[in-house]
Amino acid sequence: MFKLGLICILAVSVASIQSLSLLEETNYVSDCLASNNISQAEFQELIDRNSSEEDDLENTERRYKCFIHCLAEKGNLLDTNGYLDVDKIDQIEPVSDELREILYDCKKIHDEEEDHCEYAFKMVICLTESFEQSDEVTEAEKNTNKLNE
């Protein structure tokens, strides 16, 4: 469940972009946990879980997927159709060209998903995997540069 924990942390991070004080004032996380019947203890356990376990993300409970959608919705990160709005995110916190490209690539793949909980979950997985690939490419480039020196 580590990967799911990582995904939930990423979702909380994305939703808290606006500001920590705003997040604390409105209790997005607590509200979304409660509305999706997830206890604070379950959420903490998910975050603390051991990384040696490989997750089967396809079997993730719907309530965790809806939790992610709830965070995006309360964080005002979605357009009127319930899909991620890159311009809104950019207004809240300027987005790098690399992140913008990743966001649009993921949107191209998932913006046809009609189930908003599935959509939010698939978007976070897509973003997580894209960041992992980007980190691997960056690391490979660094290693290549070291070899060329």
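Student: How many aromatic pairs does the structure hold?

Tutor: The structure, which is a predicted model, holds two aromatic pairs. Rings of Phe, Tyr and Trp (its six-membered ring) pair if their centres lie within 6.5 Å; planes under 30 degrees apart count as stacked, over 60 as edge-to-face and the rest as tilted.

Student: Why is the pair of Tyr-83 and Tyr-119 called edge-to-face?

Tutor: The ring centres of Tyr-83 and Tyr-119 are 4.8 Å apart and their planes stand at 75 degrees, so the pair is edge-to-face. Tyr-83 lies in the loop between helix 5 and helix 6 (86–92) and Tyr-119 in helix 8, so the pair ties together parts 36 residues apart in sequence. Helices here are DSSP runs (H or I, at least four residues), numbered from the N terminus.

Tutor: Some conventions apply throughout. Residues are numbered from 1 along each chain as its sequence is written, and side-chain values use heavy atoms, with hydrogens and water left out. Because this is a predicted model, local features need pLDDT of at least 70 and side-chain atom pairs count only at pLDDT 80 or more, while totals for chains, interfaces and linings use all residues.

Student: What makes the link between Cys-32 and Cys-70 a disulfide?

Tutor: A disulfide is a pair of cysteine sulfur atoms within 2.5 Å. The sulfur atoms of Cys-32 and Cys-70 are 2.1 Å apart, and the two form a disulfide. This pair links distant parts of the chain, with Cys-32 in helix 3 and Cys-70 in helix 5, 38 residues apart. By this rule the count comes to three disulfides.

Student: What is the handedness of the disulfide of Cys-32 and Cys-70?

Tutor: The torsion about the S-S bond of Cys-32 and Cys-70 is about -80 degrees, so this disulfide is left-handed. For Cys-66 and Cys-117 the torsion is about 105 degrees, so that disulfide is right-handed.

Student: Why is Cys-70 called buried?

Tutor: Buried means under 20% relative accessible area, exposed over 50%, and partly exposed in between (1.4 Å probe, protein chains only). Cys-70 has a relative accessible area of 8%, so Cys-70 is buried.

Student: How do you know that Glu-118 makes a polar contact with Lys-65?

Tutor: A polar contact is a pair of N or O atoms within 3.5 Å; within protein, one must be able to donate a hydrogen and the other to accept it, and residues adjacent in sequence count only if both atoms are side-chain atoms. The side chains of Glu-118 and Lys-65 make such a contact at 2.8 Å. Glu-118 lies in helix 8 (residues 116–148).

Definitions and conventions:
Helix = DSSP H or I, 4+ residues; strand = E, 2+ residues; numbered from the N terminus.
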